[in-house]
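Here is a quick walk through one protein chain, taken feature by feature. Have the sequence and the 3D view open while you read.

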Amino acid sequence: MELGDSIIPTSADEESLDIDVSRRHLASLSGQGQFLIAIGAAEDVLAAFGVRRSSPSGVRVVVTATKTSLRRPDGPESPGPPVVWVRPDLHFDSADIGRVRRQITYYEPKVVVIEGHTASASDDSQWAQAIVDGWQTPGVLALAADPLYDVATAVVPNTAVEPQLPRAARHVNTVVQRVGDSTTVAPGDVLEADTDYLLGVGIGPRRADSLLGGDASFPDEILGRRARRLDVYLEHLNASTLTTQHRHVYLPEDGPAFTCPTSDQLPDTTEWEALDHRLCAETHHELAQFEVPRRSSPGVLRFDVLIYVNVAVVHVQRVELSVVEGPGAIARVTYRLLYSFDDLPDLTDRAASVTEGEDHLTVNGVGYPRSRSGGAGGSFGFRADKAQWHSAAVDVREQLTARHFHREETGWQPLYPDVDVPRKEYGDSLLRVADLGRVLFNQLFNTSESRELAPMLQHEARARGRPAVIQIARTVQRPFVIPWQILYELPLEHPELGVRVCPAVDEYGPGGTGEWPPPASCPHGEDHDRALAERPRRAFLCPYGFWGMAHILEIPEPPPGRRSLDHIVTDSTAQPTMVTGIGADLNDKLLKTHLSRMGSQAPGIASTPDSPLTDATEFLDALTPSTMDVVYLLSHCKRTGPSERTHALVFADQKLTSDDVAVWARDEWPKDHWAGRRPLVLLNACYTAEITASTMAGFVTNFVAAGASGVVGTETLVEQNVASSAMESFLTDFAAGSTAGEAVRLMRWRLLRRGNLLGFSYTPYCAADLRLRPSP
């Protein structure tokens with residue numbers, strides 16, 4: 001097709017007409033019901049129709065990704081027909097399509113210019129189809145695109161075929177309205193005293209009246225036949241005791257979510273996605289509404305909004321509403337695993353979730369009884385501030401170190417350099433760490449609502465035949481990470497009065513012969529039942545009492561920007577590869593043995609040709625392309641900084657800090673770094689994953705921000721031989737197809753069989769079901 005060629009579909013009476021493409025015939029197009037389409041360089045296309053970029057003959061309406069501007073012609077000459085100009089940065093989605101169509105309807109232009117490629121050749125053709133279908137007054141559609149690109153077959157106006165528009169991204173909308181007249185409270189506005197308000201939560205295109213911002217109106221069509229039920233909770237944080245309201249929304253495959261009072265009455269065992277919601281459409285509403293407590297005096301009402309997929313939390317936001325005076329109504333996201341709600345992950349195997357708020361915890365569990373604190377379903381919240389658990393969390397980490405290291409003038413030295421811990425020392429260490437884990441459990445879960453949590457998790461493992469998955473949601477208000485893997489859920493109060501020891505302690509300890517892989521629940525469940533039934537209860541020791549041994553923990557680092565939580569590194573069929581970085585001052589003999597074992601035990605992952613790398617700069621440079629699936633770093637780690645609260649990995653040329661990762665992500669690596677292949681980063685060094693209030697932007701946060709799918713790192717001191725054994729175990733299972741969560745759990749059990757408890761030092765900050773490749 002050449003410049004000026006015409007594509008003449010059919011006229012209104014179905015006749016195909018030949019039309020002269022010269023400029024004098026432009027005025028006759030509208031009378032004949034025709035569209036004319038031209039392709040070529042921008043200036044050439046415009047010149048062919050008497051339209052100049054620098055001085056349009058009439059009003060020029062320019063639609064960009066960020067705004068719509070109106071430019072009138074210069075000079076006193078009589079204005080010509082208006083032009084609507086679609087700029088290249090527009091996205092082909094319902095919001096931008098709606099904006100362009102509204103301008104065309106209002107100005108009735110004779111010329112619409114698509115200055116392509118808007119995003120791709122395919123998008124140009126879709127734009128042409130969408131514009132022609134919505135353009136009532138025939139005119140000229142000019143595609144200023146590649147001359148070789150042919151859109152003739154893509155643009156067929158006046159047919160019955162509906163254009164296939166992409167889904168509009170769906171986000172959380174939060175709307176506050178006054179009861180009675182539905183006056184909307186805009187961001188920054190204050191509430192009136194002694195006045196009733198409703199806080200509405202919905203999922204769909206961003207609404208202009210949402211406290212979270214947006215410029216898209218809510219579509220009229222909110223009905224879908226099939227929909228997935230989501231739980232929405234509103235926690236009122238002002239009172240000393242948390243109060244909770246609960247609603248459901250139903251999210252269809254496309255379009256916004258809706259409420260459905262009819263479906264709310266059905267049992268929880270209903271197959272929600274099989275329901276036909278068209279049968280009860282008249283009862284639907286676009287927002288789930290919650291009552292806002294009245295306040296008669298100035299102050300701020302504080303709420304948390306939590307949205308769950310089954311029992312897994314995927315979105316948390318803080319809402320603060322000023323009454324009479326103050327900063328006004330605001331909302332901010334404090335935790336999210338999804339950029340939008342268009343592709344919800346399958347989170348059905350999560351048995352429970354724990355959301356860490358600023359001064360409270362919120363627990364949701366499968367089949368959990370109704371909350372006594374005003375909640376519903378399986379969720380309950382309670383106060384849990386730092387003073388309750390911080391000292392116990394520190395004690396646990398210090399005890400792990402003290403049980404495996406001793407301090408000399410030269411620093412910490414391993415008590416068991418060959419990894420293996422003698423049976424007696426193993427038993428003593430297991431009891432001591434369990435004792436502290438029980439203290440931490442009791443200090444965190446100290447309300448009556450927590451009573452059924454441990455039995456529920458144990459029941460899930462027995463009933464399903466697989467470990468229960470527990471999601472931990474660390475919001476921005478809770479930067480310190482609790483060592484959840486060491487929580488101990490079995491009775492262990494007053495061990496000085498005698499301890500009942502489960503046979504699993506010996507069976508899975510040094511020289512044990514327990515079943516492998518370890519079953520989902522303790523094979524001596526009857527011993528557990530008897531111990532729990534005793535009154536008074538005796539202390540009971542079993543490896544299955546630890547959360548990190550009995551269950552699979554998921555502590556995902558929320559991905560930034562337009563990303564959602566990754567569940568696979570990549571869907572490529574290429575063999576997985578690994579970049580390896582080796583720090584300075586390691587034992588050469590142990591290192592060679594370790595690298596050899598990794599090559600033989602995890603043959604499914606090939607090392608890159610330049611691995612291993614021993615300089616920090618070379619290592620960071622090797623991370624530039626999106627060609628690796630695993631980033632593995634074995635190094636000593638030292639505390640650094642003015643207060644020794646940050647960490648540095650020791651390389652031959654220089655130290656490597658988390659700030660270096662941030663700097664490379666900002667200044668050196670591509671802006672779309674690791675976009676097509678999101679590697680799992682393994683930081684096999686001391687303290688690399690420890691997150692406290694003073695190390696908020698550590699290695700975990702910065703590597704995930706740089707594009708990683710997650711990070712596995714250590715919380716305490718780890719000796720080189722133990723570190724090597726731990727990662728050999730993890731990579732063996734991960735390369736063979738295990739999820740990251742299961743591979744970490746099995747690694748802890750393998751170390752336990754050698755009497756070593758340092759498997760508790762490793763924390764996976766990623767999806768529990770993260771895999772190298774999609775499962776078969």
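Predicted model: local features only at pLDDT ≥ 70, side-chain atom pairs only at ≥ 80, totals over all residues.

Asn 310 has a positive phi of about 55 degrees, although it is not a glycine. With a relative accessible area of 34%, Asn 310 is partly exposed.

His 494 is another non-glycine residue with a positive phi, again of about 55 degrees. You'll find His 494 in the loop between strand 20 (469-474) and strand 21 (499-501). His 494 counts as exposed, because its relative accessibility is 51% and the cut-off for exposed is over 50%.

| Cis bond between | Omega | Where the proline is |
|---|---|---|
| Trp 516 and Pro 517 | about -5 degrees | loop between helix 9 (504-507) and helix 10 (525-533) |
| Ser 611 and Pro 612 | about 0 degrees | loop between strand 25 (606-607) and helix 13 (616-622) |

Now for the overall picture. The protein has 17 helices and 32 strands. Of its 776 residues, 54% are buried. Among contacts with a separation of 6 or more, 75% are between residues 24 or more positions apart.

On to the aromatic rings. Counting rings whose centres lie within 6.5 Å, there are 17 aromatic pairs. Take Tyr 250 and Phe 258: their ring centres are 6.3 Å apart and their planes sit at 25 degrees, so the pair is stacked. Tyr 250 counts as buried, at 0% relative accessibility, and Phe 258 is likewise buried at 0%.

Phe 382 and Phe 445 make an edge-to-face pair, because their planes are at 65 degrees, with the ring centres 6.2 Å apart. This pair links distant parts of the chain: Phe 382 is in strand 17 (residues 379-383), while Phe 445 is in the loop between helix 7 (423-444) and helix 8 (453-464), 63 residues apart. Phe 382 is buried at 4% relative accessibility, and Phe 445 is buried at 7%. Both rings belong to one aromatic cluster, made up of Phe 380, Phe 382, Phe 441, Phe 445, Trp 484 and Trp 547.

How do helix 6 (residues 386-402) and helix 7 cross? Their axes come within 9 Å, at an angle of roughly 165 degrees. An angle over 145 degrees counts as roughly antiparallel, and helix 6 and helix 7 are therefore roughly antiparallel to each other. The crossing of helix 6 past helix 7 is left-handed. On the helix 6 side, the contact is made by Gln 388, Trp 389, Ala 392, Ala 393, Asp 395, Val 396, Gln 399 and Leu 400. Helix 7 brings Arg 432, Val 433, Leu 436, Gly 437, Val 439, Leu 440, Gln 443 and Leu 444 to the contact. By type, the residues in the contact of helix 6 with helix 7 are ten nonpolar, four polar and two charged.

One last stop is Ser 725, in helix 16 (residues 720-735). Is Ser 725 buried or exposed? At 12% relative accessibility, Ser 725 counts as buried, since the cut-off for buried is under 20%. Which residues is Ser 725 in contact with, leaving aside its neighbours within four places in sequence? They are Val 419, Leu 751 and Arg 754.

Technical notes: Residues numbered from 1 in each chain as written. Heavy atoms only, no water. Phe/Tyr/Trp six-rings, centres within 6.5 Å; stacked < 30°, edge-to-face > 60°. Buried < 20%, exposed > 50% of the residue type's maximum accessible area, 1.4 Å probe, protein only. Helix = DSSP H or I, 4+ residues; strand = E, 2+ residues; numbered from the N terminus. Axes fitted to C-alpha atoms, helices over the stretch in contact; angles between N-to-C directions. Parallel < 35°, antiparallel > 145°, perpendicular 65-115°, else oblique. Left-handed = near helix turned anticlockwise from the far one by under 90°. Contact = heavy atoms within 4.5 Å. Nonpolar A, V, L, I, M, F, W, Y, C, P; charged D, E, K, R; others polar.
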